[in-house]
Amino acid sequence: MNLALKDIRHGLFRFVLTCFGLGLLMTVVLAMIGIYNGLVSDALAVVKAPAADVWVVEAGTQGPFAEASAIPVNTRDAVARMPGVAEAGAITYQTVEANHAGKTLRLYVIGYETGRPGGPSEIVAGRGLGTSHFELVADRKTGLAVGDTIRLGRDRFHVVGLVEDAMNSGGDPAVFMTLSDAMTLQTTLDPAASRVQAARGTDAVKSASVAAVIARVEPGADVDLLTATVRQWKHLAALTQAEQEQLLLASVVDRARRQIGLFLGILLSVSAVVIALIIYTMTMEKLKQIATLKLIGAPDRTIIGLIVQQALILGASGWGIGLTLILLVKDDFPRRVVLEPFNALVLAGIIFVVCLVASGLGVHAALKVDPATALGS
Amino acid sequence: MALGDILIDVQGVAKHYGEGETRVDALRHVDLQVHAGEVIALLGPSGSGKTTLLNVIGCIVGPSSGRVELDGEPVFDAKWLRGNLRKLRLDKVGFIFQAHNLLPFLTAEENVSLVLDLAGWPRAKGRERARELLDYLEVGHRAPVKPALLSGGEAQRVAIARALANSPRIILADEPTAALDSKRAQLVMDLLRKLAAEQEACIVTVTHDEKIFDRFDRLIHLRDGRLSDA
C-alpha cells in the first residue's frame, strides 16, 4: 500500500495547489535561466552571424561592439588581398528608431556588401537582398513582414526577407541592408539639419568609413599570424573571432550577466527554502498519524518512504509545471528566453537534492516523534 | 474462570522521569500478570501511572528497572532495539485508542489491512481478512468510507478491527469507550470480552467509565505509581 499516494489523493486539491505554487516559482527560476542564456546568446549572435575569423577595426579601439570603430571602406580590398584570406567584407552597425504601424521600432541596422561576409545566415521567409538599394531583411522580432515598407532616414525600404535570432546585445532586433544604403543612412541628415549645414556653407556630412572589415581565412591559414600582420598597420587593429566573443562577454554584457546570475542564485536559494518549508510543514501536520503508524508497528522505512516520496512527487510536479509554463510563455517575453535541455535537467537535479535534504528535516522530526503521542485524545 | 497462559508478566517494574529535584516516579515496583482470556481495567486518578504502565506493556517506553515479558518473551533486554520493539508490537500487541486514531487518508478497510500489509500479508488476503473483521464488527458496509464520514461508534469499531487484524494476543485499550454513549460503550466492551475469549487474548484497558466496570474480570487500581487489585 503506497501511503504517500493515498495521502496525496486524500488532500488532492491542496496538494495540486501547492504543486502549482511551486511550479510558478520554478517558472520564474527557469525564466531567469532562459533570460541569462538569452542575454549571452543574443550578445554573441551578432558576432557569430558573419562567421568571420578575423575582425579588422580602428587602431586603439576594441570595436565595433565594445567601442566605436571607423575605418576606410577600402580597407576591405587591402585585407582581401592578404595571404591566407579567403574572402573579406566591410560592415557597419548602427541603431536607429523608426515608426511603423503606429509603433516606434528600435532597430539594429547592419550594412554589408552583398555576396561578401556579413549578411544574414539563414533567410526563414522571403529572400535575401537582391538589388543594391532600399531593400531590407529583418528579424522577425521587429514585427515587420515580407512586403512591408518602412521609412529609415530619408528613404523607404521594402522588407524582402525575414531572419530569426538576429539582434544586438541590448536585444534590439536587427535589419540587414546593403552597405551603401547603410552608409547613406549613417551620413544623411534630416532635411532641416541639411539646410542649416548648407546655409553655413558646409556640405552635408560625407564619410566613406565602415565599422569593421571581417575576413574568412582559407583552410589551414594561420589566423594569429594574419591578425599580427594587420596590427602592423598603424591605423588598424585586429581581433580573432574568439577574442571578439570574449571581449563582448567580458565588457558589454558582463555586468548584466552577473546581475542576472546573482539574482538567479538568490531565486534558487529562495526556492530551496520554500520547498524545504512546504515539505517540513507537510510532515509536521502528520506527526500524530506518524505516531499512530509507529504504534501499530510500521517500520521506519515506511515512514521515511511516506515523507520522501511525497517530497519527490511535489518537487517533480513543481518542476514539470514550471517547465510546461515557461515553454508556453517564453516566446512572449520581450527579450529572448533560451532554454537548453541541459538547463532543465540541472534544475531537476537541484530540486531533487533540495527535496531530499528538505525531506531529511521532515524525516528527522518524524523519527523523533514518540509513538505514545498517538495515545490519549 | 480457568486462567490461561500468562501473556503479560510485569515484575518489579519502576519508571521514573528526570533526576534529582525534578525526578518523578511514575511507577514504583509494579508486579502484574495478565492471563489469556482476561479482561482487566487499570483505574486511578490522573497522574497515577496508568498510561505509563500501558506504555511499558506496549513496548513504547522502557522501564527504569524491572522485567517485562510478553507472551513468554522478555522485552527491553539489551538485544531489543527500537525496530525489534516495533515488530513485537506489530505481531503481538493491538492498540485501541480513546480517539480512534484511524489514518484519515485511508478507507476503513485500508486502515485495517494496513496492519496486515506491514506484517507482510499478501494484499488480497489482507483485504479479505479486513473485510471479515469489519463484517464481524458490523461495519462491513462502511469498508470503502474514509474515517471522516464514519460515526463515532463506527470509527471505534473500525479501530477495534485494526487492533485485531493481526490476531494479537495482547490488546491495550486507552479509554476505548470515552467517545461513545453508554449503550455503545457496553456493546464495545461485550465485543472485546467475546474477542478475548475467542482469540485467547488478554485485554488491558485504561478507563474511568464506571458504567462498564462490571464488564472486567479484574479492576486494578494505581495510585502514585503503586498497584493494588480491587
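Student: How many residues does the contact take from chain A and from chain B?

Tutor: Two residues are in contact if their C-beta atoms, placed from the backbone, lie within 7 Å. Here 20 residues come from chain A and 24 residues from chain B. This is a predicted model, where local features need pLDDT of at least 70, side-chain atom pairs count only at pLDDT 80 or more, and totals for chains, interfaces and linings use all residues. Residues are numbered from 1 along each chain as its sequence is written, with chains lettered from A in the order in which they are written.

Student: Which element gives the most to the side of chain A that touches chain B?

Tutor: Helices are DSSP runs (H or I, at least four residues; strands are E, at least two), numbered from the N terminus. On this side, α9(A) gives the most, with 4 residues.

Student: Where does UniProt place the feature "transmembrane region" in chain A?

Tutor: UniProt positions use the numbering here, and annotations may be inferred rather than shown by experiment. The unreviewed UniProt entry lists residues 12-36, 260-282, 303-329 and 341-367 of chain A. Residues 12-36 of chain A are 100% helix, with end C-alpha atoms 35 Å apart. For residues 260-282 of chain A, the end C-alpha atoms lie 32 Å apart, and the span is also 100% helix.

Student: What domains is chain A divided into?

Tutor: Domain bounds come from an automatic or database domain assignment. Chain A has domain 1 (3-43 + 255-374) and domain 2 (71-210). Their C-alpha centres lie 49 Å apart, and the contact takes 4 residues from domain 1 of chain A and 4 residues from domain 2 of chain A.
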